[in-house]
Amino acid sequence: MALDAGNRKTDFVVFDRVQKSYDGETLVVKDLNLDIAQGEFLTMLGPSGSGKTTCLMMLAGFETATHGDIRLDGKPINNIPPHKRGIGMVFQNYALFPHMTVQENLAFPLEVRKIGKDEREAKVRRALEMVQMQDFGVRRPAQLSGGQQQRIALARALVFEPELVLMDEPLGALDKQLRERMQFEITRLAHQIGITVVYVTHDQTEALTMSDRVAVFNDGKIQQLAEPDVLYEKPENSFVAQFIGENNTLTGTVQEINGTVATVRLDDGEIIDCTPVNVSRPGERTQVSIRPERVEYNRDRLSPDAHTIHAEVLEFIYMGDIFRTRLRVAGNEDFVIKTRNAPDQRRLQRGETIEIGWLPEDCRALDA
Amino acid sequence: MTDAAADAPIPKPDAGDRARPERQEPLVAADGRPLKKSLQRSLRRQKLRAFGLVAPLLLFVLVTFIAPIADMLFRSVENQIVSETLPNTTAALVGWDASGEDLPDDAAFAALSYDLAAAVEQRAHTRLGSRLNYETTGISSAFRRSGRGIDDVGEIYLDQFVALDPVWEDSGFWARMIGAEGWAHPAPFAPSAQAQGLLPETAAAYTAFARAMQIRNDDDPAAEEPWAPVYLALQRDLSAADAGDVSAWTGPGAEQLEAAHAAVGGFESVPVRDLIADVDDAWLEHDVWATIKTFSPPYTPGYFLTSVDLKLSPEGAIVAQDDYQRIHVLLFQRTLFMSLVIMGCTILLGYPIAYLISNMPMRTANLLLILVLLPFWTSLLVRTSAWKVLLQQQGVINDTLVWIGLVADDARLTMINNQFGTIVAMTHILLPFMILPLYSVMKTIPPSYVRAAKSLGATNWTAFWRVYFPQSVPGIGAGCILVFILSIGYYITPELVGGTTGTFISNRIAFHISSSLNWGLAAALGTILLVVVLVLYWLYDRIVGIDNVSLG
Ligand SMILES: Nc1ncnc2c1ncn2[C@@H]1O[C@H](COP(=O)(O)OP(=O)(O)OP(=O)(O)O)[C@@H](O)[C@H]1O
Ligand SMILES: [Mg+2]
């Protein structure tokens, strides 16, 4: 068993070549390989239907893998029934039992584990304190607000002290503000208790702010598994680049690759330098990805080795802290740049032609 | 930071001002009327329109649903037949004490002859006889037999009056003498005040005669000879009147009356009692008179008492019903018991089926639901008869058991025409009413609850019993209410397969409605059934809570 510097198991949860098909015709999960370290907060992020819930359900034991092994703490769990896996789970609709009070809901996992009354009550009390809901013990779930139900669901998943907690879009039903508060609380709790969390969401901000690592799913495959900053700044393929954050794409053909620099001829003839990511040979079609905030039009701020290109302003939106400008660049009319609202920043006019620039490092040549 | 704080309403700066009870001018609408009035007016118009829209439906419900129930409630206590058919007799019995030994006085016997003669003319005496026969067996034959001889009562006086003066045979003379001034045929006959004062019995007897003629054949009483009991009345009145009063009579018949009054003392006479006893000696029985007296009020608890195996004795006391008629309590008990058993069976069978269907993929579930509903497509009679074929002694099941050797050929099981047959057939018939509400409730229980329970460490059974089952209880409640209420009033199936031990109270009701024509008793039984259902419903609400019932 592999251990890292902090003596944590790095392969606490292992998906080993897991495949899943519901109907015997299509693979919903295709060849999933994933190691999750103990105490890690791992998020599965992906568009609807990409197989995230399915992976979670296989881990929880409600679906069986069609092929491959899932190991928990070194033991294969394919044949262990769900109630013996000892995995906490928070469901999207919370699944609080409507006919039980909050206390009874929390006591349920302890009762089925035959824990004595006193200990049970103490644990329930502690769990309620943990989510700051100690005054709500005698209420029914229906008498709680969405955010309160969320906390109870969280407390219930944690009260029996599992080592692994799964959460399937637990914040999906909350409004933006509450969501952000709960994101913070969940991460705080997870780190405080030191549990391993597998978190499913299709909200990328959530994924980026909460996780140690994010696995981006698409089409039943992990597109990229990395820390949030890496994911954002160094997307490995065009799906990840598009899916995470805002992104500008220019299409073109690779002319030559020279170490860390690839020369790309855009479709309108412009030639730019990029960082090659998954292009390998000249003549290949490519999508060049540039983040909006890495593009600059203020000549004073432009670094000398930036690549510059002409652009026409199509739209200028004042958003308070930033300006968002839509440009036509190399035939692409959806080229967006974001600039900080600083005292020396010039406000652009529609129809104006400006010169914009970016560094070759920020310009990544991805697959087409 | 807790949500309690976050959720607490933030006091608005002006909230305090608004809460302060400041006397304010009432708000007015644009046209100067008080705002409240304007609002009410505009709302009233809306309400009227809404009411207009639902009025036909309301009327329909009222006529088709409320009215029959009200009629049933009314019939179960209504008893006007006695006082309507025997108005003079019941009046004459008012002062008589039915609990004593004595027979009523002559006036009652005489009044009976007036009333019965009219009742016979209108063929009402047998109906009254059968009504009173529910209470005291044997009475109906007294009435039936009396029908033949009652209009001869008083013939002896008829002959003597006519011998005295043939005018007493003149029908027009009678009508002029007794009738009120200005009365003429099509108007209902009414006696004059003078006749009622001097000749009360004659006036009553003649009025009974005249009305019977008018109602029965639309005949003019002035063209018909009065029947003999009228002469009995005249004899009794004249014997009781004194000469001064008779001579004070003005108008038609003054001298004839005076002459008759002078002669009546010398008439050959027979005690009224004997005259009536000649018609039928049942009239000398105390019980017959006591029954008439006890049931003379227009409303009676008699039907309800019968429904619970009690009765009013002729003397008016509440006593136990005769042994051989004691059946209703047993039937009520049996109906309730068997309905409960049937309900239990439908839960036992229906729950797993509903569970199965609700956990199927949609397509299969729909198919299975159609199978559940399939029995509704065949006639109830066919389904019930099919059970006869299956369960009878020479039926499929017995044949199979004999063939396998489990049962000897001469010891075939009796599974039909008893309680077992009723329970089996009714469980089958009412099963859909349990499955459907159960299914629709189970369908709304998200699978995530059971999954959550399992992820929390519950075994399959614990997850089902502690989490799934409590949430399906509303469906069980709805199903139970449906099945129980349907089965408590079920009729056809127990009738066909129940034999004698498996019939329900509703079979008895049907019997009284269509065979014995004792609608009052049928109504009382029906009312009790209704009350039982309402009480059970109330109990259910107290114990389980009616909010806990859901049809999905
Ligand atoms: N029980 C099932 N039977 C058949 N197909 C299923 C079943 N559950 C999911 N699928 C299919 O598997 C695919 C992946 O589903 P999954 O629920 O894992 O997606 P997801 O990534 O969780 O999506 P979302 O973000 O919308 O929750 C989908 O195409 C879905 O239609
Ligand atoms: Mg999902």
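**View 1. How chain B splits into domains.**
Chain B of this predicted model comes in three pieces: domain 1 covers 30–75, domain 2 covers 87–296 and domain 3 covers 328–548. If you want a distance to keep in mind while you zoom around, the C-alpha centres of domain 2 and domain 3 of chain B sit 60 Å apart.

Is B:His286 buried or exposed? With a relative accessibility of 16%, B:His286 counts as buried, because the cut-off for that label is under 20%. Skip the neighbours within four places in sequence, and B:His286 is in contact with B:Trp96, B:Ala98, B:Gly100, B:Glu101, B:Asp102, B:Leu103 and B:Glu315.

**View 2. Aromatic rings in chain B.**
Over all chains, the count of aromatic pairs comes to 32. One of them is B:Trp461 with B:Phe464: the ring centres are 5.7 Å apart and the planes meet at 35°, so this pair goes down as tilted. Both B:Trp461 and B:Phe464 lie in helix H25 (residues 460–488) of chain B, three residues apart, which is about one turn of the helix. B:Trp461 is exposed, with 57% relative accessible area.
Elsewhere in chain B, one aromatic cluster is made up of B:Phe161, B:Trp168, B:Phe173, B:Trp174, B:Trp183, B:Phe189, B:Tyr206, B:Phe209, B:Trp227, B:Tyr231 and B:Phe267.

**View 3. Cysteines without a disulfide.**
How many disulfides are there over all chains? The count is zero. Take A:Cys274: the closest cysteine sulfur belongs to A:Cys363 and is 3.3 Å away, too far for a bond, because a disulfide calls for sulfur atoms within 2.5 Å. A:Cys274 is also buried, at 1% relative accessibility. B:Cys480 is in no disulfide either, and the nearest cysteine sulfur, in B:Cys345, is 12 Å off. With 9% relative accessibility, B:Cys480 counts as buried.

**View 4. The four-strand sheet of chain A.**
This open sheet runs S2-S1-S4-S5 in chain A, with antiparallel pairing. Strand S2 (29–36) and strand S5 (75–76) of chain A are the edge strands, each pairing on one side only. Strand S4 (residues 67–72) of chain A is joined to S5(A) by two bridges, with the two strands running antiparallel. To find the spot, look for A:Leu72, whose bridge partner in S5(A) is A:Lys75. Helix H1 (residues 52–60) of chain A packs on the sheet and touches strand S1 (13–20), S2 and S4 of chain A. The direction of H1 of chain A makes about 120° with that of S1(A).

**View 5. The six-strand sheet of chain A.**
What is the strand order in this open sheet of six strands? Going across chain A, the order is S6-S7-S8-S3-S9-S10, and the pairing is mixed. Strand S6 (87–90) and S10 of chain A stand at the edges with a single partner strand each, so one side of each has no neighbour in the sheet. Ignoring direction, neighbouring strands of this sheet are turned by 20° against each other on average. S3(A) and strand S8 (residues 196–201) of chain A run parallel and are joined by five bridges; within that pairing, A:Thr43 stands opposite A:Tyr199 in S8(A). Helix H4 (residues 146–159) of chain A packs on the sheet, touching S6 and strand S7 (164–168) of chain A. The direction of H4 of chain A makes about 170° with that of S6(A).

**View 6. Strand S9 of chain A and its partners.**
Now zoom in on strand S9 (residues 213–218) of chain A, which is mostly covered, with five of its six residues buried. Strand S3 (residues 41–45) of chain A runs parallel to S9(A), and four bridges join them. S9(A) and S10(A) make a hairpin with two residues between them. In the turn, A:Asp219 has a positive phi of about 60°.

Technical notes. Residues numbered from 1 in each chain as written. Chains lettered and ligands numbered in written order. Predicted model: local features only at pLDDT ≥ 70, side-chain atom pairs only at ≥ 80, totals over all residues. Heavy atoms only, no water. Buried < 20%, exposed > 50% of the residue type's maximum accessible area, 1.4 Å probe, protein only. Domains from an automatic or database assignment. Pairing = 2+ DSSP bridges. Contact = heavy atoms within 4.5 Å. Axes fitted to C-alpha atoms, helices over the stretch in contact; angles between N-to-C directions. Phe/Tyr/Trp six-rings, centres within 6.5 Å; stacked < 30°, edge-to-face > 60°.
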